[in-house]
Amino acid sequence: MNSLRLLLFPFAILYGFIIWIRNRLFDLQILKSKTYSIPTIVVGNLAIGGTGKSPMTEFIIKILKDKRCIATLSRGYGRKTKGFKYVNVSSTTDEVGDEPLQFKNKFSDITVAVCEDRCLGVETLMDNHDVIILDDAFQHRKLKPTFSILLFDYHSCLNPMFVLPMGNFRDLPGESKRADMIMVTKTPASVTFQEKAIIKRKLERKSGLSNIFFTSIHYGELVYLNTNRIEMNANTTVLLLTGIANPKPLLDYLTGLVKGIEHLGFSDHHAYTSNDILTVKQKFNQIKNPSKLIITTEKDAQRIRTPEYLALVESLPIAYIPIEIAFEDQEYRNIVEQQLLSICDRSVNES
């Protein structure tokens, strides 16, 4: 641990104490939580970004969309609007945020909505749906969900789980006791059974749960944003454009497939500008290898696929790589699927 983080230790203690007090006020019902008759499934994490909430939400959508009338509800991080808003395929990221727009573009037949007040969002949606999936709402304690799925990035489990600003956790690890299921995401293929067992014991001690599963990332085929296409192979140089919290897994994946990678990275949920896109074009043109390709993430694609931005790179091959979660064992996937389906058959009205 570097000395700067050690200097932040007192602030982490203060932050952790404030978070602890807030959670206890909800536990003691001094601050009130609402429950609803409609099943609500929360997907969340304790750390700041990069745990794979979007692929997990999409996994749940795929399981339920043909069996139940579902809606997804997100805050709509980065949007410039307020209040409740339905997401349409014609919406922009300024209106609804990138992740909700990604859900709608991928699953156009389901309801996708955004609202910073999750209770208001559920109350608006509940009469016309069978189940509501809430993306990134574990800390939104004004709502008490039917079922909570808590995500931990594999590498975050290897290090001490310090809260902000000393560490990367926005909530105390002990709050994992409120979860009903834990998913360890982005598990490397090289991990041994013994290493998984160590992490599972660590999470069991913090959460009291045995309902813990390991997942990895499965990368799909390239999806091109225009008609200019080039095949990606071992001789290709990739200009990788990312505005996500943790681009390392994608970098690692591409490293074994292509000749070279030039990475142009921005902060998570970065709002791209015309100048950013022109920088992409300039860096691409500077790559001397004639076999070259711009690759971005599916979330970034929502922010750059506007007519204005695509016109700036019209002559350049640009594509994104969709991702989904993969379970270490089909049996575990079946267990999770059955649990989710059983949750949707519940009707709760608890205080």
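Reader: How many nonpolar, polar and charged residues does the lining of the largest cavity have?

Author: One thing before that: this is a predicted model. The lining of the largest cavity has nine nonpolar residues, no polar ones and no charged ones.

Reader: Which residues line the largest cavity?

Author: The lining is made of L225, L241, I277, V280, I304, Y309, L310, V313 and I318. Helix 9 (274-286) and helix 11 (307-312) are the elements that give two or more residues to it.

Reader: And what volume does the largest cavity have?

Author: About 50 Å³. The structure holds one cavity of 30 Å³ or more.

Reader: OK, pockets now. What's the volume of the largest pocket, and how many residues line it?

Author: The volume of the largest pocket is about 1000 Å³. Its lining has 48 residues, and G50, K53, E99, H269 and K299 lie nearest the centre.

Reader: How does the lining of the largest pocket divide by class?

Author: Into 16 nonpolar, 16 polar and 16 charged residues.

Reader: Switching to helix 6. Which of the residues of helix 6 are buried?

Author: Helix 6 spans residues 118-125, and its buried residues are R118, C119, G121, V122 and L125.

Reader: Why are those on the same side of helix 6?

Author: Because they cover an arc of only 160° around the axis, which puts them on the same side of helix 6. As background, an α-helix has 3.6 residues a turn, so residues three or four places apart point the same way.

Reader: What covers the buried residues of helix 6?

Author: The cover includes five strands: strand 1 (40-45), strand 2 (70-74), strand 3 (85-86), strand 4 (111-114) and strand 5 (131-135).

Reader: New topic, D171. Where does D171 lie, and is D171 buried or exposed?

Author: D171 is in the loop between strand 6 (147-153) and strand 7 (181-185). D171 counts as buried because its relative accessibility is 2%, and the cut-off for buried is under 20%.

Reader: So what does the side chain of D171 join up with in a polar contact?

Author: With the side chain of N23, at 3.3 Å. Setting aside neighbours within four places in sequence, D171 is in contact with I19, N23, L46, Q139, V163 and R178.

Reader: What does G167 touch?

Author: G167 touches R5 and F162, not counting residues up to four places away in sequence. G167 is buried, with a relative accessible area of 7%.

Reader: Let's do backbone angles. What's phi for Q29 and for D136?

Author: Q29 has a phi near 65°, which is positive in a residue other than glycine. D136 is not a glycine either, and its phi is positive at about 60°.

Reader: Where are Q29 and D136 placed?

Author: Q29 is in the loop between helix 2 (9-27) and strand 1, while D136 is in the loop between strand 5 and strand 6. Q29 counts as partly exposed at 44% relative accessibility, and D136 counts as partly exposed at 26%.

Reader: Last one, I321. Which element is I321 found in, and is I321 buried or exposed?

Author: I321 is in strand 13 (residues 318-321). I321 is buried, with a relative accessible area of 4%.

Reader: And what is I321 in contact with?

Author: Leaving out neighbours within four places in sequence, the contacts of I321 are Y219, G220, L222, L250, Y253, L254, I295, T296 and E298. As for A301, which is 20 residues from I321 along the chain, the C-alpha atoms of the two are separated by 9.5 Å.

Definitions and conventions. Residues are numbered from 1 along each chain as its sequence is written. This is a predicted model: local features need pLDDT of at least 70, side-chain atom pairs count only at pLDDT 80 or more; totals for chains, interfaces and linings use all residues. Side-chain values use heavy atoms; hydrogens and water are left out. Buried means under 20% relative accessible area, exposed over 50%, partly exposed in between (1.4 Å probe, protein chains only). Helices (H or I, at least four residues) and strands (E, at least two) are DSSP runs, numbered from the N terminus. The arc is that of the directions from the helix axis to the C-beta atoms. Contact means heavy atoms within 4.5 Å. On a 1 Å grid over the protein atoms alone, a cavity is a set of points where a 1.4 Å probe fits but cannot get out, and a pocket is an open set with protein on both sides within 12 Å along at least five of seven lines; lining residues have an atom within 4 Å of a point. Grid points are joined across faces, edges and corners, and a volume is the space filled by probe spheres set on the points. Ala, Val, Leu, Ile, Met, Phe, Trp, Tyr, Cys and Pro count as nonpolar, Asp, Glu, Lys and Arg as charged, and the others, Gly among them, as polar. A polar contact is a pair of N or O atoms within 3.5 Å; within protein, one must be able to donate a hydrogen and the other to accept it, and residues adjacent in sequence count only if both atoms are side-chain atoms.
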